[in-house]
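Keep the viewer open while you read.

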Amino acid sequence: MSRNIAIEMLNQVPVQDQQIELVERKCLGHPDSIADGIAEAVSRALCNTYIDQFGGVLHHNTDQGEIVAGESMPQFGGGKIIKPIFILLDGRATKEFKGEKIAADTVALQAAKDYLHSIVPELNLDKHLIMDCRLGTGSTDLRDVFNPEEGKIPRANDTSFGVSYAPFSDIEKCIKEISLYIDTTLRPKYPVYGQDIKIMGLRQGNSIKLTICCAMVDRYVSSLSEYVNYREKLAEEALKVAKTCTDKHVEVFVNTADCDVECSLFLTVTGTSAEMGDDGSVGRGNRANGLITPHRPMSMEATSGKNPINHIGKIYNLLSNELAHTCVEKVDGIAEIQIRLLSQIGVPIDQPLIASAQIIPKQSFTMKDIEKDVFEIIDSGLENITSVTERVIRGELKTF
């Protein structure tokens with residue numbers, strides 16, 4: 001069956017060439033990102049449990065989690081948690097299939113704890129955390145749409161859409177690379193830098209200003225002067241990374257709310273603000289490409305935690321992101337591309353109601369030079385859409 005793929009020229013200035021651009025990333029230890037990460041970890045654990053027991057993934061959606069902040073008393077050399085963080089796991093899961101019980105709640109709790117331990121190692125899961133699992137079961141009509149035993153392309157469980165764009169602009173690349181550098185290179189050397197980091201970027205013309213809010217772990221800081229030194233070092237390291245991503249002028253500011261007195265610093269016991277005052281919710285942070293981009297098309301869907309078999313809120317956001325970047329990499333002449341995929345509930349997920357590509361061509365290129373190759377990439381991506389499911393279950397695709 002042919003697919004409804006529409007390709008058109010977009011008559012606007014590429015974001016990279018516009019005067020103002022805002023970009024944000026909430027890194028792994030931000031309460032909203034913790035909620036996303038837990039939701040996705042629980043979904044993957046359920047997928048693997050269902051596969052082990054029944055040979056296929058059963059209906060579930062775990063995209064409703066909440067982080068309720070605790071209370072802490074950080075201080076140089078090490079403070080203490082005085083009220084634990086509360087985490088609620090909710091959503092829907094299959095708990096019985098063909099007369100056999102499934103320990104879905106137990107699986108979910110363990111997956112959440114394992115994820116937290118890997119992301120926020122300073123958090124004592126026995127002392128600093130209270131976790132409750134309230135997974136329900138799905139409605140009958142939606143479970144009927146979800147049938148893992150048919151051996152056919154799954155049918156969409158919602159009428160929804162996914163959206164993405166490419167390529168990343170300079171400031172988007174700067175923010176993603178700085179986040180990655182802190183996680184993989186800087187923190188292993190300097191564990192004082194907590195996992196709760198938010199990077200906000202402003203590009204105004206050819207000038208980029210990056211504001212980094214970074215939780216410092218108090219046990220690794222002995223004094224105010226040492227704290228200030230670590231703050232300055234983070235600014236220096238982030239600037240070095242940014243300069244590898246852009247030729248534009250870059251300034252980096254770190255913890256601008258600090259007043260350089262002990263009572264007014266971003267100092268934490270565990271490395272996340274969830275220990276004191278900041279709550280988190282699934283879907284309130286980064287989009288599926290890892291960024292928050294008010295100058296770009298975005299979906300409000302929470303990608304993390306949705307089942308990877310037929311939930312369009314997950315599959316189409318991940319696929320559209322992949323298709324957009326593949327088009328830019330493989331097709332000459334694209335200055336910018338926006339891709340939107342819209343489903344109809346009950347219709348096979350490889351047959352969207354519309355697959356829309358809007359393209360800004362580079363100078364000297366026409367749509368005729370571009371559209372045939374773009375059409376083929378989108379058509380092929382939809383033909384192989386179940387590979388998204390497989391990679392999600394293996395943990396190969398990031399959802400936030």
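## A strand tucked inside

Let's start with strand β2 (residues 20–26): five of its seven residues are buried, so this strand is largely enclosed by the rest of the structure. Bear in mind that we're looking at a predicted model.

β2 has a partner in strand β12 (residues 193–204), and the two run antiparallel, joined over seven bridges.

## The chain as a whole

Zooming out, the chain holds eight helices and 18 strands. Its radius of gyration is 22 Å, close to the 21 Å that the globule rule gives for 400 residues, so the chain is as compact as a globular protein of that length. Along the principal axes, the C-alpha atoms fill a box of roughly 70 × 65 × 25 Å.

How much of the chain is buried? Buried residues account for 55% of the 400. As for contacts between residues at least 6 apart in sequence, 76% of them join residues at least 24 apart.

## A four-stranded open sheet

Next up is an open sheet of four strands, in the order β1-β18-β17-β11, with mixed pairing. Why is one side of β1 and of β11 left without a neighbour in the sheet? β1 (5–9) and β11 (161–166) stand at the edges and have a single partner strand each, so one side of each has no neighbour there. On average, neighbouring strands of this sheet are turned by 15 degrees against each other, ignoring direction.

Strands of a sheet pair through backbone hydrogen bonds, in either a parallel or an antiparallel sense. For β1 and strand β18 (residues 354–361), the sense is parallel, over five bridges. One detail to look up here is Met 9, whose bridge partner in β18 is Ile 359.

Most residues other than glycine have a negative phi, and most peptide bonds are trans. A few places here go the other way. The peptide bond from Ala 166 to Pro 167 is cis, with omega near -5 degrees. Pro 167 lies in the loop between β11 and α4 (170–189).

Then there are two residues with positive phi. Asn 255 isn't a glycine, yet its phi is about 50 degrees; this residue belongs to the loop between β14 and β15. Ser 364 isn't a glycine either, and its phi is about 80 degrees; look for Ser 364 in the loop between β18 and α7 (367–383). Are these two buried or exposed? Asn 255 is buried, with a relative accessible area of 5%, whereas Ser 364 counts as exposed at 73%.

Pro 154 is another story: 111 residues away along the chain, its C-alpha is separated from that of Leu 265 by 51 Å.

Glu 40 lies in helix α1 (residues 31–54) and is buried, at 3% relative accessibility. Leaving aside neighbours within four places in sequence, Glu 40 is in contact with Thr 303, Ser 304, Gly 305, Lys 314, Val 392 and Thr 399. Glu 40 and Lys 306 are 266 residues apart in sequence, and 7.6 Å separates them in space, C-alpha to C-alpha.

## Cysteines without a bond

How many disulfides are there? The count comes to zero. A disulfide needs two cysteine sulfur atoms within 2.5 Å. The sulfur of Cys 133 has its closest cysteine sulfur in Cys 47, 15 Å away, which is too far for a bond.

Cys 133 is buried, with a relative accessible area of 11%. Cys 327 counts as buried too, at 0% relative accessibility.

Conventions: Residues are numbered from 1 along each chain as its sequence is written. This is a predicted model: local features need pLDDT of at least 70, side-chain atom pairs count only at pLDDT 80 or more; totals for chains, interfaces and linings use all residues. Side-chain values use heavy atoms; hydrogens and water are left out. Buried means under 20% relative accessible area, exposed over 50%, partly exposed in between (1.4 Å probe, protein chains only). Two strands pair if DSSP finds at least two bridges between them. Axes are lines fitted to C-alpha atoms, for helices over the stretch in contact, and angles run from 0 to 180 degrees between N-to-C directions. The radius of gyration is taken over C-alpha atoms; the globule rule is 2.2 Å times the number of residues to the power 0.38. Contact means heavy atoms within 4.5 Å.
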